[in-house]
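Me: I have a new model open and would like to learn how to read it. Could you walk me through it, one feature at a time?

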Amino acid sequence: MRSRTAEWFECKIRYEKTMEDGMQKKVTETYTVDALSFTEAEQRIIEEMSAYISGEFEVADIKKAAYKEIFFSDEDVADRWYKCKLQFITIDEKTEKEKRSNVNYLVNAGTLNGAVKNIDEVMGGTMIDYVIASVAETALMDVFEFKSDKEKNDQPEYEG
């Protein structure tokens, strides 16, 4: 497991997809990109999707994501994305009352139980007391992290 904190934007892409029966169908899919602004998010999603979609597509919507940190899994079966709400528990020193603050994360896993396991794996290494308030599967298709030109050039070439 690794985690990445950034400004994340959820982008909806609308295009004609060829279905398994050969028919064309207009679909809208949601992706997440790492960007500094809405303009950069639009540029990045167009760049990323151009490699996957032949033909025309449109960016139907862009919004800031409700999470700042994403937990990435290295497992092959981790093909789903889960929005997880954690409550961090602190004690107010003056009133000695328990205070809970909500934080959202996006977690990569193959199953709901796998998402919970991944949260515990990452958060278990911290000193923070937390409760998992909710875990829900999202409709996200994929997450595109920012890679510098140097990182892109360091990637091994695919040899089919």
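Reply: Gladly, and let's begin with rings. Rings of Phe, Tyr and Trp (its six-membered ring) pair if their centres lie within 6.5 Å; planes under 30 degrees apart count as stacked, over 60 as edge-to-face and the rest as tilted. Here, ring pairs link Tyr 31, Tyr 52 and Phe 144 into a cluster. A word on the source: this is a predicted model, where local features need pLDDT of at least 70 and side-chain atom pairs count only at pLDDT 80 or more, while totals for chains, interfaces and linings use all residues. Residues are numbered from 1 along each chain as its sequence is written, and side-chain values use heavy atoms, with hydrogens and water left out.

Me: How many aromatic pairs are there by this rule?

Reply: The count comes to six aromatic pairs. In one of them, the ring centres of Phe 71 and Tyr 105 are 4.9 Å apart and the planes lie at 25 degrees, so this pair is stacked. It links distant parts of the chain, 34 residues apart: Phe 71 is in strand β5 (residues 69–72) and Tyr 105 in strand β7. Helices (H or I, at least four residues) and strands (E, at least two) are DSSP runs, numbered from the N terminus.

Me: What kind of pair do Phe 88 and Tyr 105 make?

Reply: An edge-to-face one, because the centres of Phe 88 and Tyr 105 are 6.5 Å apart with the planes at 65 degrees. Phe 88 sits in strand β6 and Tyr 105 in strand β7, 17 residues apart.

Me: Is Phe 71 buried or exposed?

Reply: For that we use relative accessible area: buried means under 20%, exposed over 50%, and partly exposed in between (1.4 Å probe, protein chains only). Phe 71 is buried at 1%, Tyr 105 is buried at 6%, and Phe 88 is buried at 12%.

Me: Where does the charged end of Arg 2 sit?

Reply: The rule is that a charge sits over a ring if NZ of Lys or CZ of Arg is within 6 Å of the ring centre and within 35 degrees of the ring normal. The charged end of Arg 2 sits over the ring of Phe 72, 4.3 Å from its centre.

Me: Now the sheets. In what order do the five strands of the open sheet come?

Reply: Strands pair if DSSP finds at least two bridges between them. The five strands come in the order β1-β5-β7-β6-β8, with mixed pairing. At the edges are β1 (2–5) and β8, each pairing on one side only. Within the sheet, β6 and β7 pair in the antiparallel sense over 12 bridges, and Tyr 82 stands opposite Val 107 in β7.

Me: Which strands does helix α2 lie across?

Reply: Contact means heavy atoms within 4.5 Å. Axes are lines fitted to C-alpha atoms, for helices over the stretch in contact, and angles run from 0 to 180 degrees between N-to-C directions. Helix α2 (residues 112–123) lies across β5, β6, β7 and β8, running at about 150 degrees to β8.

Me: What does the side chain of Asn 108 reach?

Reply: A polar contact is a pair of N or O atoms within 3.5 Å; within protein, one must be able to donate a hydrogen and the other to accept it, and residues adjacent in sequence count only if both atoms are side-chain atoms. The side chain of Asn 108 reaches the backbone oxygen of Arg 80 at 3.1 Å. Asn 108 belongs to strand β7 and is buried at 6% relative accessibility.

Me: What about the open sheet of four strands: which stand at its edges?

Reply: The order there is β4-β2-β3-β9, again with mixed pairing. β4 (57–64) and β9 (140–144) stand at the edges with a single partner strand each, so one side of each is left without a neighbour in the sheet. Strand β2 (residues 8–18) runs antiparallel to β4 and is joined to it by seven bridges; Cys 11 has Ile 62 as its bridge partner in β4. Helix α1 (residues 38–50) packs on this sheet, touching β2, β3 (24–34), β4 and β9.

Me: Is Arg 44 buried or exposed?

Reply: Arg 44, which lies in helix α1, is buried at 7% relative accessibility. Leaving aside neighbours within four places in sequence, Arg 44 is in contact with Val 33, Asp 34, Phe 144, Glu 145 and Phe 146.
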